[in-house]
Amino acid sequence: MDLIRLEQLNVGQRLNDVSLNLAHGEMLGIIGPNGSGKSTLLHCLAGILPYRGRVEFAGANLAHLPSQTRAQKIAFVPQASHSAWSLSVEDIVTLGRLPWADEDAPAIANAMAQTGVSEWRTRRVDTLSGGEQSRVWLARVLAGQPLLLLADEPVASLDLYYQQQVMQSLRGYAEDAQSVILSIHDLALAARYCDKLCLLNHGRIHAIGTPQQVLTEANISAVFKVQARIDLTVTPALIVPR
């Protein structure tokens, strides 16, 4: 059984007839130009935006899931999160356990280790850079151990080293039988770490499948309006304008 299945998802003019499925343990990258509907799709799955169509989660209608069950099973990392309180990093990560009403110390410690924020556990989160804070928000979500992790541009504000670290953390999380859906602009990272890619254009699916099926010169030209040379046989993948 698929973990998540979307059938003809529509949100005004922002998403049109989006249908896809994701199995347990898969990592799906949502790619496309600015304004193509990537964040809108994630916001629907996170329960932030209303939609028309049907979303099934583990065989049940997502719209009918009790709020606590949804909070336990699905977690969302938005773009550019900021804390309104001057809490310590460890306190922020511990908030990820709220849906479970417990403070699972091993889960919290493991989440901080996975994202490389353990050394900051006593630092106030508002003293960290934007990129450092992004890793803390990811750690908070990982501490909750959701079945489905949604992340909106999780590597956007990170340097090259931590882009790789975060993507490796997400990849490892998926391989532990949880599933990950993320939006991402870096096509080389998407090709390297994602099992499947969904290429959106003007709110519709232009292509969906493996990175090899989606990241073709024809698709890049049609959607991004760029002539590119693509080689997915090397690491990192080579996707450069020509």
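Figure 1. Five bridges join strand β7 (residues 148–152) to β8, and the two run parallel; strands count as paired if DSSP finds at least two bridges between them. Strands (E, at least two residues) and helices (H or I, at least four) are DSSP runs, numbered from the N terminus. Together with helix α6 (residues 160–175), β7 and β8 make a right-handed β-α-β unit. Right-handed here says that, with the strands pointing away from the viewer, the path from the first strand over the helix to the second runs clockwise.

Figure 2. Is β8 buried or exposed? Five of the five residues of this strand (residues 179–183) are buried, so β8 is largely enclosed by the rest of the structure. Buried means under 20% relative accessible area, exposed over 50%, and partly exposed in between, with a 1.4 Å probe and protein chains only. Ser179, Ile181 and Ser183 cover one side, Val180 and Leu182 the other, and all are buried. Strand β3 (residues 27–31) runs parallel to β8 and is joined to it by four bridges, with Gly29 opposite Leu182.

**Figure 3. The largest pocket.** Its volume is about 290 Å³. Of the 16 lining residues, Ala71, Ile74, Ala75, Pro99 and Arg140 are the closest to the centre. The elements giving two or more residues to the lining are α2 (67–73), β6 (74–77) and α5 (130–143). A pocket is an open set of points on a 1 Å grid over the protein atoms alone, where a 1.4 Å probe fits, with protein on both sides within 12 Å along at least five of seven lines; lining residues have an atom within 4 Å of a point. The volume is the space filled by probe spheres set on the points, which are joined across faces, edges and corners.

**Figure 4. Lys225 in its loop.** Lys225 lies in the loop between α9 (217–224) and β11 (228–231) and is exposed, with a relative accessible area of 67%. Its side chain reaches the backbone oxygen of Ala222 at 2.9 Å. Lys225 and Pro33 are 192 residues apart in sequence, yet 9.7 Å apart in space, C-alpha to C-alpha.

**Notes for all views.** Residues are numbered from 1 along each chain as its sequence is written, and side-chain values use heavy atoms, leaving out hydrogens and water. Because the model is predicted, local features need pLDDT of at least 70 and side-chain atom pairs count only at pLDDT 80 or more, while totals for chains, interfaces and linings use all residues.

Notes: A polar contact is a pair of N or O atoms within 3.5 Å; within protein, one must be able to donate a hydrogen and the other to accept it, and residues adjacent in sequence count only if both atoms are side-chain atoms.
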